[in-house]
Amino acid sequence: MNWRGVVFLSCCFILTVLFLSVAHYSDALPFLVDYLPASVGSGGLLWQVQTTFLSVGFAGLAIAAQLFVEAPLAIGASRGRVLDYIWAGWFVGVGLAANSAIAIETIWLPSEVGLLGLMFTWFALTIVLLVLSTVRLTRLFGHPSLLDAVVRQSLVETISSRLLEVSSRYAGATKGLESLLAPTGEMGAPRGWTLRVQVSEAGRIVRAVRPKAVRQALAAMAPRATALASTEGEGATEYVPPQITLDIDPGDRVRPGDIAFRVTTSREIDEMTGARVSQLLQSSIEFEPTFGALPPADSQDRASEYNRFLRVLAEKDRDLTPQENDLQGALQEQIAKWNESEAAGLAAEPLSEARIEVIRASLRDGLNQQINLATLIPVADAASDSADTSRPILGMNLQVPREFLVDKVFNGTCADPTGFGEIIARGFTDGEDQRAIDVLRSLQTEILNPEAAVIRQSIHALGDDAEHYVLLTPFGGLDDLADWYSSDFRRDLEVVTHVETGMLDNEAILFDRRSSLSSIRRPEDKDGLSRVEGTSIALGVFEDVDDDLEPQVRVEAGEYFVVWAGAAPRVVRFVAA
C-alpha cells in the first residue's frame, strides 16, 4: 500500500468515528433499529469475530513468507511485489482500521445504528479482502509460472527506477549542455565535414562535461564578416550552425582512442581552428579522482526511438541477421517518411516576425556586451581622399534552417534563433576589428617586443594622456602569462581602454584614439534590409533559397564601414621581430 492508500484509509477512519459519534448521541434512523435490533453484547461479539478473521489473515501472510526462502524472491523488491499481488497491504490496513473502529464503538460509542454500519462496511471489507488475498496466494502456490511473472515484473520495475536515478544523475552531470549539444543521432544534422575529438586521458572515469568550454568551441567556429564592395550580387554562403555530439557519458571509463565529441560542420574548418576546437572540447571533460508490422513514425518521439534503434544496429560488431536487416530497412523507411512529412510542413509554415525580432534583439545585445573597437574610432561626415572606399561593405549572407524562424516546432527541436544574432554580432565585431587593425599596422610609429613588462613601460610613459589610448590584445593575453595576469599589470590596464579581439595572435597594439584613425559607419542601404535599432547594421530575412533537402531561409546583414588614417597617428605595435 502506498502513501495515497494510507491517507485514504485514515480519512475513512475519521469519518467512521464521526458517524459513530452521531449515532451514539442521536436517535437517527429508528426504522433500522426496529427491523434489525441488536442483542446485548453484540458489539463485543463482533469485535471478537473481527479479531479472529484478522488472525487468520496474518497466519496466511506467515505462509506467504515461505515463498521468500530462495532467490530471486529473497530480493526485497520481489517480496514487495508478491505482497502487492495478494493485496496484503490493503488487508492489513483495512483489518486494523476495522478492529479499531469496532473497539471504539464497543467501549465508548455504543449504538445499534453504529454497530450495523460497522458490520456492513469495515467488517464486510475485512472478510472480502481476506478471501481475495487467500485466493491470490493459493494461485501463486499452484501456478509457478504466475509466480515467475510477478517476480519478473518486480525486477523490471526495480531496473527502471534505477535507470531513472542514473538518468537524473546524468542530467545533473550535463547541466547547461542541452542548448549546446546536438542530441545523439539527431536527424537533419548538417551535411559536410566531421571532426572527431578523442579523450585527452585514458583509463579514467568521466565525472561531468563543463558547458563553458563547449560554448567557446562553438564560438571558435562562428563565421566572420568579410570585406565587400557591396553585398549586391554576392552569392550567399550556405551556413548551417555547427553541431557537437557527445559520444561519452558521465560514469564511463574511457579507453585510449575513445571518441569524446563529434563536431559536424557544413564545410571543412582550417587546421588551426580544428586544433583550437579539439583543445577546448578536451578541456571540457571533468574526470573523477579515482583510475510484425512496424508502426508508422507518426510522432517525433517514435521517430527518435527508431533512430536510436538504427544506431544500435549499426554499432553491432557482427553481420546482421536477415531479421535484423529487415528491421533496419523498415526503420530507415519510416524515418525517411517522417523527415519528408516534417520538411513539407516546415516549408509551408509562415515565418514568424517575432522570431526575426529575436535575431535583431540578440544582435543588438551581442554588440553591447563588450567594448567594440569600432565605437572608439572618431566618425567623420565624409571619407578622406586617402581612404580606401573600393570595398566599403562588411556583409554576412547566411542560409539557415527554416525551423529557427517559425513558431511551430518541427523535428522535435525547439529551435532558438537567439544564437544567430549573437553569431552575426561576433562576425561584424571581428570584421570591424580586422579592418581597423589593418590600417593601424600600416601606421605603426614604433615596434616593441610583445611582453607585459614592455607594455607597462609604454603605458607609464603616456602619463596623463593614457586615458585617451586604446590597447588591443588577443583574448587571453600574450604568451608571458605569469606577468600578464599579475596584479600590477592588471592595474595598469585600467589606465587605458583595454579591448580584447580575436584578430590578434601574440601581438598587441597601443594607439591614440583621438588622432590615429577616422571612420564612416552606417547601415547598408539596400532593398530588403532595415536598420537594427541601436546599431549601425542593417538586417533582412529572405525566402529565396531553393534546397530540396531541407527548407532554409537567407539571413543577410550589411554595414558600410570605412577606416583611414587620422590627422596625427600615434601607434605602438608590440610584435616579435
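Over residues 115-135 the chain is 100% helix and 0% strand, with end C-alpha atoms 29 Å apart. Keep in mind that this is a predicted model. An unreviewed UniProt entry annotates this stretch as "transmembrane region", along with residues 52-73 and 85-109. Here are two of those stretches side by side:

Now to the nonpolar cores. The largest one has 46 residues, and Ile424, Leu472, Phe511 and Leu517 have the most contacts inside it. Elements that give it two or more residues include helix 12 (353-368), strand 8 (393-401), helix 13 (418-442) and strand 16 (552-565). Helix 13 supplies the largest share, nine residues. If you zoom in on Leu517, you will find that it touches Phe511, and also Ala436, Val439 and Leu440, among others. A second, separate core has 25 residues, including Leu218, Leu246, Val263 and Leu281.

Helix 14 (residues 452-462) is worth a look too. Its buried residues are Ala452, Val454, Ile455, Ser458, Ile459 and Leu462. Seen down the helix axis, these fall within an arc of 160°, so they line one face of helix 14. The face turned away from that buried side carries the exposed residues Gln457 and Ala461. Among the elements covering the buried residues are strand 9 (446-448), helix 15 (481-484), helix 16 (487-493) and strand 17 (571-574). After helix 14 comes Gly463, with a positive phi near 65°.

Note on methods: Residues are numbered from 1 along each chain as its sequence is written. This is a predicted model: local features need pLDDT of at least 70, side-chain atom pairs count only at pLDDT 80 or more; totals for chains, interfaces and linings use all residues. Side-chain values use heavy atoms; hydrogens and water are left out. UniProt positions are given in the numbering used here, feature names are shortened, and annotations may be inferred rather than shown by experiment. Helices (H or I, at least four residues) and strands (E, at least two) are DSSP runs, numbered from the N terminus. A nonpolar core is a set of buried Ala, Val, Leu, Ile, Met, Phe, Trp, Tyr and Cys residues joined through side-chain atoms within 4.5 Å. Buried means under 20% relative accessible area, exposed over 50%, partly exposed in between (1.4 Å probe, protein chains only). Contact means heavy atoms within 4.5 Å. The arc is that of the directions from the helix axis to the C-beta atoms. Lists of a residue's contacts leave out its neighbours within four places in sequence.
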